[in-house]
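Reader: I would like to go through this model by question and answer. Please keep it brisk.

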Amino acid sequence: MQNAMSMILVAATGPWAAKTVAERASESLDTSLWAVAAYMVLALLAVVVLVTLLGLVLIYAERKIAGRFQCRVGPMRVGPHGLLQTVADTFKLLLKEDIIPTRADQAMHLLAPFLCMGATVLIIAVLPYSPTMQILDLNIGVLFVTAVSGFGVMGILLGGWSSNNKWSLIGAMRSGAQIISYEISATLALLVVVLFAGTMSLRGIVESQEAGWWIWRAHGVGLISFIVYLIASTAEINRTPFDIPEGESELTAGFHAEYSGLRFSFFFLSEFINMFIVSALAATLFLGGWMPFHIGGWTTFNNVMGLIPPSLWFAGKNLFVIFVIMWFRWTFPRLRVDQLMRLEWKILLPIGFANLMAASLVVLSNFYFFPGK
Amino acid sequence: MNAVFYMASAVAVLTTLLAITRREAVHALLYLIVSLLAVALVFFTLGAPLIAALEVIVYAGAIVILFIFVVMLLNLGNAARTQERVWLPKGAWRAPGALALLLGGLLLYVLKQESRWMPVDRVVDVKEVARALFGPYVLAVEIASVLLLAGLIGAYYLVWRGPIRRPGRRD
């Protein structure tokens, strides 16, 4: 028992032996091709299960949180505390008729939801969930994420255009303008952390935060870029207060007004998974990813913190950021189009550039809290 | 990796041809995006993941999206398609097609002569690209930024409406 405890302690506090599924697969490439195939199937299964579970959990959480914010109890009827409500709704969506408007561009209309979903799922593969839970670590990880997430707007634009409906088209164009604009601020905020860590690999960024999380290691620079990132990426995933692309009161439902059944659920699901991705990135880059919370010198405290498994740390930070984003939604009213553009180009972008310069000064002078290594 | 390279190149050539020949502007742009993605894959197989990612971010993710945006703004209908057909009759392809074939043949010939051409088998790091950009190529970077600045000033001038007039007075 004692031995096991000390082993856990060593595993939790010692040097992190991180290894991704892709690395394991390439190691076994020489010995057996079956092992490689098994790793690939495992990774695929993991992604599918994660997406399904996230869809169920996040939609339930959104309903419950929305209920609490509005002094309701949220769904209560299906299952204990309404736990099965989302499952029931999923069945309803799957059984619905899949309608394609007569004058629509059929092929594009069918393709658009898959583009949206595909861009989302590709990012899930590079996120580091724990030292041993990551499918693939790219040396351009952060850049890959921005590239792929910028690509998701394709699905929205195509969906809006191919529906041959003016509300859909207006929603799609608003969405395109919004995502391209706010992408700049989000990327600038991510670049600050890339500067600090000196690497673009997501695993490398997590490992560089062993001495302290970037959000408070750099005299407020990290904090400012965290806030800028949170605002800009909330706009990028089209959530309230930035949900003008699907503003119900003006555009019925925006780009997905003509979608129903399974294809609508793809748009809907990718929106929720995007929220997960945004908060996972915020947790990875600014809040230390799977690194436990350590205070320099407090050995006992650090050991106790190290007992909590890294995947739980990651999940906890992630859920916290998700809760903040949901909190935004039920607190702020929707912005107008001109306010939206002014916020990005006249406020967030200058702050982002100034912050990047400040960050490079911090890096040049090596002026961090918790110097560590 | 060689097979991936050739397959991606074939996809790039094919989709570029389709992008030129499609009558519907949005379909043509979609093929252009697939072609850019294939080119990004070519860069990746040549050992330049950074350039591959930049290709996707800058071209596929931003520039072509803006093209699609403009096409949607204009909302071209059937009239544009007939116009396209009138502007590009079947015979119009002959001369440019022959010239392109000639150029392609020349390119293949040159590549055959140049036996030093070989695929790179090492991955070019992000830092290496940065050092090259701000070392030997710093002049080119500065010239590119001057070009972009000119574009920025041009765009600003186009949307500038002169000094702000008082509301309610029109002349």
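Reader: Is Pro75(A) buried or exposed?

Author: This is a predicted model. Pro75(A) has a relative accessible area of 14%. The cut-off for burial is under 20%. By that rule Pro75(A) is buried.

Reader: Where does Pro75(A) lie, and which residues is Pro75(A) in contact with, leaving aside its neighbours within four places in sequence?

Author: The position of Pro75(A) is the loop between α3 and α4 of chain A. Neighbours within four places in sequence are left aside. The contacts of Pro75(A) are then Arg63(A), Lys64(A), His81(A), Gly82(A) and Gln85(A).

Reader: How far apart in space are Pro75(A) and Pro310(A)?

Author: In sequence, 235 residues separate Pro75(A) and Pro310(A). From C-alpha to C-alpha, the distance in space is 32 Å.

Reader: Which residue meets Arg63(A) in a salt bridge?

Author: Arg63(A) is partly exposed, at a relative accessible area of 29%. The side chains in this salt bridge come to 2.6 Å, N to O. The partner of Arg63(A) is Asp89(A).

Reader: Which parts of chain A does the pair of Arg63(A) and Asp89(A) tie together?

Author: The salt bridge joins Arg63(A) and Asp89(A). The two residues are 26 apart in sequence, so the pair ties together separate parts: Arg63(A) in helix α3 and Asp89(A) in helix α4 (residues 85-95) of chain A.

Reader: How many salt bridges are there over all chains, and how many residues apart are Glu62(A) and Arg329(A)?

Author: The count over all chains is five salt bridges. One of them joins the side chains of Glu62(A) and Arg329(A), at 2.9 Å, N to O. Glu62(A) is in helix α3 (residues 33-69) and Arg329(A) in helix α14 (residues 310-329) of chain A, and the pair links distant parts of the chain, 267 residues apart.

Reader: Which residue meets Arg336(A) in a salt bridge?

Author: The distance is 3.0 Å, N to O. The partner of Arg336(A) is Asp338(A).

Reader: Which residues do salt bridges that share partners join into one network?

Author: Glu62(A) and Arg329(A) meet in a salt bridge. Shared partners bring these residues into one network. Its members are Glu62(A), Arg239(A) and Arg329(A).

Reader: How many aromatic pairs are there over all chains, and what is the angle between the planes of Tyr182(A) and Phe242(A)?

Author: The search finds 12 aromatic pairs over all chains. Tyr182(A) and Phe242(A) form a tilted pair, 5.6 Å centre to centre. The angle between their planes is 55°.

Reader: Why is the pair of Phe226(A) and Phe286(A) edge-to-face?

Author: The ring centres of Phe226(A) and Phe286(A) are 5.5 Å apart. Planes over 60 degrees apart count as edge-to-face. The planes here are at 70°, so the pair is edge-to-face.

Reader: Which residues form one aromatic cluster with Phe226(A)?

Author: Phe226(A) counts as buried at 11% relative accessibility. Phe286(A) also counts as buried, at 0%. The residues that form one cluster with Phe226(A) are Tyr229(A) and Phe286(A).

Reader: Which residue has its charged end over the ring of Trp213(A)?

Author: The charged end sits 4.0 Å from the ring centre of Trp213(A). The residue is Lys317(A).

Reader: How much area do chain B and chain A bury between them?

Author: In contact are 26 residues of chain B and 21 residues of chain A. Carbon and sulfur atoms hold 84% of the buried area. The area buried between the chains is about 2000 Å².

Reader: Which residues of chain B lose the most area to chain A?

Author: Together they make up 29% of what the side of chain B buries. They are Ile65(B), Phe69(B) and Met72(B).

Terms used
Residues are numbered from 1 along each chain as its sequence is written. Chains are lettered from A and ligands numbered from 1 in the order in which they are written. This is a predicted model: local features need pLDDT of at least 70, side-chain atom pairs count only at pLDDT 80 or more; totals for chains, interfaces and linings use all residues. Side-chain values use heavy atoms; hydrogens and water are left out. Rings of Phe, Tyr and Trp (its six-membered ring) pair if their centres lie within 6.5 Å; planes under 30 degrees apart count as stacked, over 60 as edge-to-face and the rest as tilted. Buried means under 20% relative accessible area, exposed over 50%, partly exposed in between (1.4 Å probe, protein chains only). A charge sits over a ring if NZ of Lys or CZ of Arg is within 6 Å of the ring centre and within 35 degrees of the ring normal. Contact means heavy atoms within 4.5 Å. Buried area is the accessible area (1.4 Å probe) that two parts lose on being put together, summed over both. A salt bridge is a side-chain nitrogen of Lys or Arg within 4 Å of a carboxyl oxygen of Asp or Glu. Helices (H or I, at least four residues) and strands (E, at least two) are DSSP runs, numbered from the N terminus.
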